[in-house]
Amino acid sequence: MDLAGAQVLVAGAGVTGKSVVRALTAQGAQVTVTDGNAERLAELSGLGAELVPGLTEPPEGTALVVTSPGWRPTAPLLVAAAEQGVEVIGDVELAWRIGQTREKPPVWLAITGTNGKTTTVGMLESMLRASGADAVACGNVGYAVLDAVLEGREVLAVELSSFQLHWSSTLAPLASVVLNLAEDHIDWHGSMDEYARAKGKIHTHSKHVVHNLNDEWSRRLADENASDEAVRVGFRLDTPKPGELGIVEDLLVDRAFVPDPAHAAEELGTLADVRPAGPHNVANALAAAALARAHGVSPADILKGLHEYEPAPHRAQEIGEVAGVRYINDSKATNPHAASGSLHAHADIVWIAGGQLKGASVDELVASIAGRLRGVVLLGVDSPVIAAAVSRHAPDVPLQTLPSGDDDPMTAAVHTASRMARPGDVVLLAPAAASLDMFRSYGHRGDAFASAVHRLAGEPTHDGG
């Protein structure tokens, strides 16, 4: 990819845009950056790019547009570029193309899905590092994949969003996986089919197509997008067949990356080695193991990686136990599909939920966990939707909806839940909804939950409260 002297337009001046500008100027491109936020655009001054606010079509002579992932395909600038025949790509595609110009291109192991991406990419990074690889988790996890490529990292455990994949075309990872799929980001893509089509692009040029045999969409996207030359590797939460990873009794087992899959298997660890617990995280561990095995990581290093993996905050994070009741923070469960994994990991639950559902239905979720519920505490703008589902599917379960004007809603929620819970129960924050109606982020929401639990236990909180 020869960018020397090429006129390139960067759409978006946020964190991704800054990374893209640095990469392009290092390649000798003539870079223009545009953004509707002039203040944010000004933060890129001094990087060697021309800054032009509010462009709605590419400047004359533009050879390439690199867009930030948040820009929708319907943005006037991107529509105009397509009409003029100017290629539009994202930062991930740019990172791939720059990497391919290196004498030794980095190895890409790519992960997408609606839920579980960050956990899986963290597990994968840990497994790769346990094997001695110069590996890093990057992409949609805070460390830009473009930066990882420019810094010369050798093996990339890459989390990819549907937005990033939409703008990718030649990406060809050594191995790829779609963990699962459920309704999300439909407002950006326009339909579930378009959302799925973007996710499936991860497999188009992949050498090892890994898929979740317990998820219909994951199987379907592997079927629709894998090339004839790709190696297909499935994983399942039961006994694996030849060419698959799965579970035998309490063992995680590989029958894919072994010399004789028909008659032999390798043990990778046990269910007890997977943290956080729960079937959804066992699936994540099997997916990570499949990608690591595609890169040649040994079973011993898979196990070592599982032991050394540190779960990220706000993902099924145990906060403490008060009066025989465990309190678990899964604030990252920002949609019903994500919440389902945590809810199905426990038998007796007081569920704290609510926030912005973004149009998602919760009926199927509530019906599936009705028998596990000791009580439900709701807060946030879409509480009435969840309350109605609970009334339909679990009418005998105690339900408390907190008023929106409560000064400290999470403290009120935790205290209400504690009164519903009995020794042996779990109070679980798994909102099934986004947080921005009441909190700065899902992390802020999770921190508020943890602080409330510590206050309930009479412990000092991180802010001295």
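Which residue in S20 is the bridge partner of Ile349? In S20, that partner is Val426.

The model is predicted: local features require pLDDT of at least 70, side-chain atom pairs count only at pLDDT 80 or more, and totals for chains, interfaces and linings use all residues. Residues are numbered from 1 along each chain as its sequence is written, and side-chain values use heavy atoms, with hydrogens and water left out.

**Strand S20**

Helices (H or I, at least four residues) and strands (E, at least two) are DSSP runs numbered from the N terminus, and two strands pair if DSSP finds at least two bridges between them. The pairings of S20 (residues 426-429) are as follows.

Buried denotes under 20% relative accessible area, exposed over 50%, and partly exposed the range in between (1.4 Å probe, protein chains only).

**Helix H10**

Helix H10 spans residues 216-225, and its Trp217, Ser218, Leu221, Ala222 and Asn225 are buried. These buried residues line one face of the helix, because they fall within an arc of 135° when seen down the axis of H10; the arc is that of the directions from the helix axis to the C-beta atoms. Glu216 and Asp223, on the other side of H10, are exposed.

The cover over the buried residues of H10 includes strands S9 (175-178), S10 (208-212) and S11 (231-235) together with helix H9 (192-200). At the N-terminal end, H10 is capped by Asp215, a side-chain oxygen of which lies 3.2 Å from the backbone nitrogen of Trp217.

How values were computed
Contact means heavy atoms within 4.5 Å. A polar contact is a pair of N or O atoms within 3.5 Å; within protein, one must be able to donate a hydrogen and the other to accept it, and residues adjacent in sequence count only if both atoms are side-chain atoms.
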